[in-house]
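Here are my notes from going through this model, written as numbered points. Keep the structure open beside you and follow along.

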Amino acid sequence: MTIEFIVNDQPIKFDGDPSTPLLYILRNDAQINSAKYGCGAGQCGACAVLVNDRVVLSCSVPASSIKGKIKTLESYEQDRVLSALNQAFIHEQAVQCGYCISGIMIRAKSLLELNKRPSDQQIKEALNGHLCRCGTHTRIIKAIRRASEGLSA
Ligand code: FES
Ligand code: FES
């Protein structure tokens, strides 16, 4: 069975086991490396991508369940919100090892698409399922706030 989907506007075909997690296909077949394997159990958020504009933890969804368009951080230059987040994260020096950041930026994009000016509390709630072992949470929140201010100025 061939599974086809669109990743960052590029068509991808996958001919392997349909129960293969989307994350493995992105990393091994589509050369998409922004989504990371953290826990593999839907607990850390490192593997978050957008499927039809909704956040999906790609370690925990089988290829067979994917229908529609996938967006990852690799597309940031073509995406106004991801570009703003990228600039804001750099400005606030919000990245240490970076392992968590792709998932966090995908979550932040999803938040800002729904709520242009979230409060710090709303940002914290949105990031609830994302672990950062480096502890840059304060700067991450500042970066998301900065991106939101820039986008809604
Ligand atoms: S690797 Fe998917 S949630 Fe942790
Ligand atoms: S920056 Fe290292 S895990 Fe978040």
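Predicted model: local features only at pLDDT ≥ 70, side-chain atom pairs only at ≥ 80, totals over all residues.

1. Start with the length of α3.

2. Next, how many of the 14 residues of α3 are buried? The count is 11, so the rest of the structure largely encloses this helix. If you want to find them, look for I101, S102, G103, I104, M105, I106, R107, A108, K109, L111 and L112. A residue gets called buried here when 20 or more other C-beta atoms lie within 10 Å of its own.

3. What covers those buried residues of α3? The cover includes the strands β3 (48–51) and β4 (54–57), along with the helices α2, α4 and α5. Two of these partners get their own points below.

4. Take α5 now, which runs over residues 137–151. From its first C-alpha to its last, α5 reaches 21 Å with 15 residues, close to the 21 Å expected at 1.5 Å a residue. Its buried residues are I140, A143, I144, A147 and S148. Looking down the axis of α5, you'd see these buried residues within an arc of 135 degrees, so they line one face of the helix. They pack against α2 (80–91), α3 (101–114) and α4 (120–126).

5. How do α3 and α5 sit against each other? Their axes are 11 Å apart and the packing angle is about 40 degrees, which makes α3 oblique to α5. The crossing, where α3 passes α5, is right-handed. For the contacts, find I104, A108 and L112 on the α3 side; they meet I140, I144, A147, S148 and L151 in α5.

6. At 1.5 Å a residue, the 12 residues of α2 should span 16 Å, and the end C-alpha atoms are 17 Å apart, which agrees. Buried in α2 are L82, A84, L85, A88 and F89. Seen down the axis of α2, they fall within an arc of 160 degrees, so they line one face of the helix. That buried set packs against α3 and α5. Turn to the face of α2 pointing away from its buried side and you'll find the exposed residues R80 and I90.

7. Now the pairing of α2 with α3. Their axes come within 10 Å and cross at roughly 125 degrees; the two helices are therefore oblique to each other. This crossing is right-handed. In α2, the residues V81, L82, L85 and F89 do the meeting, and their partners in α3 are I101, M105, A108, K109, L112 and E113.

8. Q93 lies in the loop between α2 and α3. Its phi is positive, about 50 degrees, although Q93 is not a glycine. Is Q93 buried or exposed? It counts as exposed, because it has 11 C-beta neighbours inside 10 Å and the cut-off for exposed is 12 or fewer.

9. Q31 is another residue to check for its backbone angle. Phi of Q31 is near 55 degrees, again a positive value in a residue other than glycine. You'll find Q31 in the loop between α1 (22–28) and β3. Q31 is exposed, with 10 other C-beta atoms within 10 Å.

10. I12 is partly exposed, with 19 other C-beta atoms within 10 Å. Leaving out residues up to four places away in sequence, I12 touches E4, F5, V7, D29 and A30. As for I25, it is 13 residues from I12 in sequence and 9.3 Å away in space, C-alpha to C-alpha.

11. Last one: D17, in the loop between β2 and α1. D17 is exposed, with 11 other C-beta atoms within 10 Å. Where is R139 relative to D17? The two are 122 residues apart in sequence and 40 Å apart in space, C-alpha to C-alpha.

Key
Residues numbered from 1 in each chain as written. Chains lettered and ligands numbered in written order. Helix = DSSP H or I, 4+ residues; strand = E, 2+ residues; numbered from the N terminus. Expected span 1.5 Å × (residues − 1). Arc of directions from axis to C-beta. Contact = placed C-beta atoms within 7 Å. Axes fitted to C-alpha atoms, helices over the stretch in contact; angles between N-to-C directions. Parallel < 35°, antiparallel > 145°, perpendicular 65-115°, else oblique. Left-handed = near helix turned anticlockwise from the far one by under 90°.
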